[in-house]
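The following exercises are to be worked through with the sequence and the structure at hand. Each task is followed by a solution in steps.

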Amino acid sequence: MYFAIVGTRDNPIYELDLPTPASSSAPNTSLKRDSVSDQKHLSQFIVHSALDIVEESMWGTNQMYLKVVDRFNEHHVSAYVTPSGAKLMLVHDAVGGDIRAFFVDVHELYVKMLMNPFSEINGSIGSQQFDAKVRALVRKHL
């Protein structure tokens with residue numbers, strides 16, 4: 001599972017790569033590390049390729065949650081567009097969990113983070129507290 005917040009200039013603002021249960025049960029070897037690295041790059045590629053579809057879809061609807069916008073093999077890409085134009089993108093294996101509630105809660109966290117006068121709208125998010133809260137939301141909803 002891979003989650004990313006993409007800014008209005010299509011720049012990555014935040015990334016979270018979570019291992020799937022199948023990959024985390026394998027023994028810790030260098031082959032596993034290479035596989036995890038390849039999986040992260042594949043997820044980044046999938047999100048990047050789905051951005052065009054999200055940008056086309058966001059002009060055709062007034063909904064912020066766009067549901068599953070793209071599929072690549074067994075991976076599904078769900079998207080949520082904020083009023084400011086930032087895109088929340090989730091690459092997941094199956095349509096399970098409450099993805100909409102996850103996106104709404106992360107959007108609320110993102111807005112609270114932007115209310116900080118020292119944060120920039122398209123600036124990278126490096127806060128450990130933000131990361132911990134997003135991981136907690138993943139456990140709660142997904």
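**Exercise 1: The setting of His75**

His75 is located in strand β4, which covers residues 75-81. The model is a predicted one.

Task: Determine whether His75 is buried or exposed, and state which residues His75 touches.

Solution.
Step 1. The relative accessible area of His75 is 6%. Buried means under 20%, so His75 is buried.
Step 2. Leaving aside residues up to four places away in sequence, His75 touches Gln39, Leu42, Ile46, Asp70, Val91, His92 and Asp93.
Step 3. A polar contact of 3.3 Å joins the side chain of His75 to the side chain of Glu74.

**Exercise 2: Aromatic pairs**

Task: State how many aromatic pairs the model holds, and classify the pair formed by Tyr14 and Phe130.

Solution.
Step 1. The count comes to 7 aromatic pairs.
Step 2. For Tyr14 and Phe130, the ring centres are 5.1 Å apart and the planes stand at 85°. Planes over 60 degrees apart count as edge-to-face, and the pair is accordingly edge-to-face.
Step 3. Tyr14 belongs to strand β2 (residues 12-17) and Phe130 to helix α4 (residues 128-141), so this pair ties together parts that are 116 residues apart in sequence.
Step 4. Tyr14 and Phe130 are both buried.

Task: Classify the pair of Phe102 and Phe103.

Solution.
Step 1. The ring centres of Phe102 and Phe103 are 5.9 Å apart, and because their planes meet at 45°, the pair is tilted.
Step 2. Phe102 has 0% relative accessibility and therefore counts as buried. Phe103 is also buried, with a relative accessible area of 0%.
Step 3. One aromatic cluster is formed by Phe3, Tyr14, Tyr65, Tyr80, Phe102, Phe103 and Phe130.

**Exercise 3: The nonpolar cores**

Task: Identify which members of the largest nonpolar core touch the most other members, and where the largest share of this core comes from.

Solution.
Step 1. The largest nonpolar core has 23 residues, of which Phe3, Ile5, Tyr14, Phe103, Ile125 and Phe130 touch the most other members.
Step 2. At least two residues of this core are supplied by each of β1 (2-6), β2, β5 (87-92), α3 (99-114) and α4.
Step 3. Helix α3 gives the largest share, 7 residues.
Step 4. Beyond residues up to four places away in sequence, Phe130 touches Ile5, Tyr14, Leu109, Tyr110, Met113 and Ile125.
Step 5. Another core, of 15 residues, lies apart from the largest one; among its residues are Tyr2, Val47, Val54 and Ala79.

Note on methods
Residues are numbered from 1 along each chain as its sequence is written. This is a predicted model: local features need pLDDT of at least 70, side-chain atom pairs count only at pLDDT 80 or more; totals for chains, interfaces and linings use all residues. Side-chain values use heavy atoms; hydrogens and water are left out. Helices (H or I, at least four residues) and strands (E, at least two) are DSSP runs, numbered from the N terminus. Buried means under 20% relative accessible area, exposed over 50%, partly exposed in between (1.4 Å probe, protein chains only). A polar contact is a pair of N or O atoms within 3.5 Å; within protein, one must be able to donate a hydrogen and the other to accept it, and residues adjacent in sequence count only if both atoms are side-chain atoms. Contact means heavy atoms within 4.5 Å. Rings of Phe, Tyr and Trp (its six-membered ring) pair if their centres lie within 6.5 Å; planes under 30 degrees apart count as stacked, over 60 as edge-to-face and the rest as tilted. A nonpolar core is a set of buried Ala, Val, Leu, Ile, Met, Phe, Trp, Tyr and Cys residues joined through side-chain atoms within 4.5 Å.
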